[in-house]
Amino acid sequence: MISNVPEMKHILPLILLIIPMLLISCKTSETPADAYQEPAVEVPDEPAVTVPEETYPTDYKITDPVVNADSILTNMTLDEKIGQLFVVPAYGTFSNDRERTIQRLERLIRDYHIGGLIFFRGDVYGQAVLNNRLQRISNLPLWITQDMEFGAAMRVSGTTRFTPAMGIAATGNPENAYLKGLITAREAHALGVHQVFAPVLDVNNNPQNPVINVRSYSADPQMVSEYALQFMEGIESVGVMATGKHFPGHGDTDTDSHLALPTINHTYDQLEQVELIPFRNAVDGGLRSVMSAHIAFPNISENIGLPGTLDASILNRILVDSLGFDGLVVTDGLEMRGITDHYSPGEAVILALLAGVDMMLISPDEMTAINELKRAVEIGRITEERIDQSVRKILNLKIEHRIFENRFSDVESLSKLINTPDYQATANRIARESITVLKNDRHILPIREADYQNIVVVAVSDTDGHSSESVLQQEMRRYHSGVRFHALNNRTTVPEINQLIRDSQRADLLVIGSFITVRSHQPMQIPQRLRGVLNDLMAMNQPKILTAFGNPYVIGDLPDTDVHILAWASTADQVRQTVPSLFGASAVRGTFPGEIPGLYAIGDGLEIEQSIVRFDIPEAAGMVTDSLLHIDMVMQNAINDSVFPGGVVGVMKNGSLVWQQGYGYHDYTKTRRVQATDVFDLASVTKIMSTTTAIMKLADEGLISIDDPVAKYIDEFDTADKREITIRHFLLHTSGLPAFQIYVDVFRSRAEILNAIRNEPLLNKPGERYVYSDLGFILLGEIVESVSGKRVDQFMRDEFYEPMGLHSTWFNPEQAGPRVSNRILPTEIDTVYNRGTVHRRVHDERAYFMDGIAGHAGLFSSLQDISKYAYMLLNKGTYGGKQYLSPQTIEYFTGQRSTINHRGLGFDRKSEGFSSAGTLTGDQTFGHLGFTGTSLWVDPDDDIAIILLTNRTYPNRSYGADIRFIRAAISDAVMNSIAK
């Protein structure tokens, strides 16, 4: 080691001291000040990483750039130089100090002077801690590398996983490749990684390729160039080095070089026209590292049968001479059988060096290879100068990346830098945008529950079962209530197959999720054992959807399914982002960057617009989770103050339900926690979600006019004082009717109460005063029945709730069965009208004695159902591809339509001064409140809906007097959470 060289032992510290003093007036950084400046993107900045001074070894702490590679190289022994060429594998998981693999790594570093590591599977803290530990014992800092084609999560659990390269290209947006590179590099940098082995520059022009597949951006070399360059720029912008691979191209093979040595018989002209284009463009764009391919090119090479990694004809004549590359050349893994079947560990390294390689990756036997390489120098087969050439490159990279100054990961900062909500939201968005629909016969997509009430989902895997199968099942059930799930894999039994067939025969739709992995030496991607069952399914008449989670070319095995969807990866995150597209919860615009001969070409893809609510995270809609957490404290404080026993809060923004949380308990016994899916008595929110909406529908269809006199429908209003009252007056609460009358102290039937309301005297002339009145809305419900021939509950069920999939929205919810009624919170212990605990029955007394169905109250619903209703209003009356209300009608009813109050037609609007809609919602905000502690506010300017559901009237209505302040506080917390 350098510290043991006698003549340098005392001289080197002196050099380090004197030279900076001599050159202090012209001292500059070897790396430009702006080299690592990051462009403005929608992801948080990465804080500086600091490590305590005492953690550095003292031998090689470079503090001034005038100490360069040559000053180090001159004083290195041959053993130290040879060691620098080798990058050995490590696993970033916890290991005991005495574990054999750890001790072997430490020996390689201490005794064989290994230059770097390539980390394989691990976790965030495991890798960072091991990296720091091994860096600490290394005399020269270690160069840390890692495969991160799919983001850091390709190797490190807990980091951000991205869609594979072909899925990135399917988005049609090269900026997504840049963002993927940027976020990947930020996480790599935080983990102490200096070089990422990506992007893949191979052109996947062979659909039978068993190893590249979706790792390639495209079958089009120009598309590969465009997206790879963007990814590379993202990587390099953080100061991490990108690596283009696998030179001169691994795309047109049908052999996996991990298992054997592939041969490509292309001429040089053929390579120039396809394979070399991305590499040439990347080199011209500043690519600094290239990984070689273990592939033989007999029509190009002067060394027939020699793998490209070991072939100077490939690396020197083409890469260096023709493409002008002068950066770092890295081998692909030397443990792959394309090498080990033909060459000893040492011979492979010697030939690679002679061919022009600088860094030896994953030798199957580093100690033997190092010994054989040293022997080759000693006998003159390879010169020390050749070794110096590569070591100099490696040392320069270590200096350039300033790892002599800081070689450690800041473990304490990792929780702030890795997989942030913004990073995950970006990865999720890219995954959604990658989804590609190639075929949609019968217009099956988007799936509508009204059309396909019973779905059988089959997860097909060629293993003993895929880890994402359960995610597919869970996500499908989030969007559809009638899903039966089956797994078809190597462990599926005959009875299970028989049950699958029986269920499929009764189904309205079959959804096949393919989790088939890319497999070598198998022309049929689906194993024969499974094909028999799939053929039985294909013979059925039911419509079928095939979604390829991973290998897109599996579609060629099932070409006759009605729908073909490419989802690019079988990870849990990709499945979560794919399923919404099946139901119209996310837009589909992906296009195929590859080719499936006889079926699909580059650029194929259908477009489908979003048409229903998507379940997502706040950052997906431009909101900040940290800020939304303030809602938790508002709700908890209200529960502590007995404003209500429990409640739920929902936030829908930009078409996504990004917050749905339950708080507290069903009652003050605190034995049953509130769930986000619980059902609440909406009280007067019924007025908009039922009665007003029904009037809007009838007006849209020309069956009524809001300026129709009420007397047209209710005979008792054909009197001198009431004849001028119109439907508009009822909607604006300006009819002259009182706010309410008790009635139920005398009348206990629907007919009696309705008769009393019809004959109720007016307080003033119509249009003179605003008096918020339940009575007018009760009569509006009767007008709906008079015009439609159905009670308002049945009308809304037929026209809105059922077709929109509002399965938890009911009058008299007990008739919906225990699936709904068991989720309802109680609203009061009634000692006045002897109703006891009011639970699963409407709280409002008048609605209670009107059979639970009235125009002013009686509706029960859930947070998710209300979000669908709000989405319909914000989406110009459309939900699930169906037009329920016209945009003009929605705009008219929700706008201010009175000269004497701020209200819309049926809808309340944000008032001046104090408003339960808060201070931050816009002036056009509309919605309604409910006496039981419910509210819905919709701000169309910010495309947001804020939902609060509580049972603040429990155990009696004297509770919950401060509910208006809670509503306002929640609204402000939500609006404050919109990212500025």
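**Entry 1: the whole chain**

I count a residue as buried when its relative accessible area is under 20%. By that cut-off, 62% of the 980 residues of the chain are buried. I keep in mind that this is a predicted model. I looked up the secondary structure next and found 34 helices and 30 strands. I then checked the extent of the chain. Its C-alpha atoms fill a box of roughly 120 × 70 × 45 Å along the principal axes.

**Entry 2: helix 8 and helix 9**

I turned to helix 8, residues 174-190, and helix 9, residues 221-236. Their axes are 7 Å apart, and the packing angle is about 30°. Angles under 35 degrees count as roughly parallel, so helix 8 is roughly parallel to helix 9. The crossing of helix 8 past helix 9 is right-handed. Which residues make the contact? From helix 8 I listed Pro174, Ala177, Tyr178, Lys180, Gly181, Leu182, Thr184 and Ala185. From helix 9 I listed Glu226, Tyr227, Gln230, Phe231, Glu233, Gly234 and Ile235. I sorted this contact by class and got eight nonpolar, four polar and three charged residues.

**Entry 3: helix 25 and helix 28**

Helix 25 covers residues 686-700, and helix 28 covers residues 774-788. They pack at about 45°, with their axes 10 Å apart. Helix 25 and helix 28 are therefore oblique to each other. Is the crossing left-handed or right-handed? I found that helix 25 passes helix 28 in a left-handed crossing. On the helix 25 side I noted Lys687, Thr691, Thr692, Ala694, Ile695 and Leu698. They meet Asp774, Phe777, Leu780, Gly781, Val784 and Val787 of helix 28. By class, I have seven nonpolar, three polar and two charged residues here.

I followed an open sheet with the strand order 7-8-9 and parallel pairing. Strand 7 (244-247) and strand 9 (328-330) are at the edges. Each has a single partner strand, so one side of each has no neighbour in the sheet. From one strand to the next, the twist averages 30°. I checked the link between strand 7 and strand 8, residues 289-292, and found three bridges. Phe247 stands opposite Ser292 of strand 8. What lies across these strands? I found helix 12, residues 312-322, across strand 7, strand 8 and strand 9. Helix 12 runs at about 125° to strand 7.

Leu936 stands opposite Ile947 in strand 30.

Is helix 22 mostly covered or mostly exposed? I found it mostly covered: nine of the 12 residues in helix 22 (572-583) are buried. Among them are Val575, Val579, Leu582 and Phe583. I checked what the buried residues pack against. The partners are helix 18 (421-434), helix 19 (469-479), strand 14 (509-514), strand 15 (544-548), strand 16 (563-566) and strand 17 (614-615).

Strand 11 and strand 16 pair in the antiparallel sense over four bridges. Asn440 stands opposite Val563 in strand 16. In strand 11 (residues 436-440), five of five residues are buried.

**Entry 4: Val411**

I ended with one residue. Val411 lies in the loop between helix 16 (384-400) and helix 17 (414-417). Val411 counts as partly exposed because its relative accessibility is 22%. Which residues does Val411 contact, leaving aside neighbours within four places in sequence? I found Tyr125, Ala128, Val129 and Asn132. I also compared Val411 with Thr253. They are 158 residues apart in sequence, and their C-alpha atoms are 42 Å apart in space.

Notes. Residues are numbered from 1 along each chain as its sequence is written. This is a predicted model: local features need pLDDT of at least 70, side-chain atom pairs count only at pLDDT 80 or more; totals for chains, interfaces and linings use all residues. Side-chain values use heavy atoms; hydrogens and water are left out. Axes are lines fitted to C-alpha atoms, for helices over the stretch in contact, and angles run from 0 to 180 degrees between N-to-C directions. Helices (H or I, at least four residues) and strands (E, at least two) are DSSP runs, numbered from the N terminus. Angles under 35 degrees count as roughly parallel, over 145 as roughly antiparallel, 65 to 115 as roughly perpendicular and the rest as oblique. A crossing is left-handed if the near helix is turned anticlockwise from the far one by less than a right angle, and right-handed if clockwise. Contact means heavy atoms within 4.5 Å. Ala, Val, Leu, Ile, Met, Phe, Trp, Tyr, Cys and Pro count as nonpolar, Asp, Glu, Lys and Arg as charged, and the others, Gly among them, as polar. Two strands pair if DSSP finds at least two bridges between them. Buried means under 20% relative accessible area, exposed over 50%, partly exposed in between (1.4 Å probe, protein chains only).
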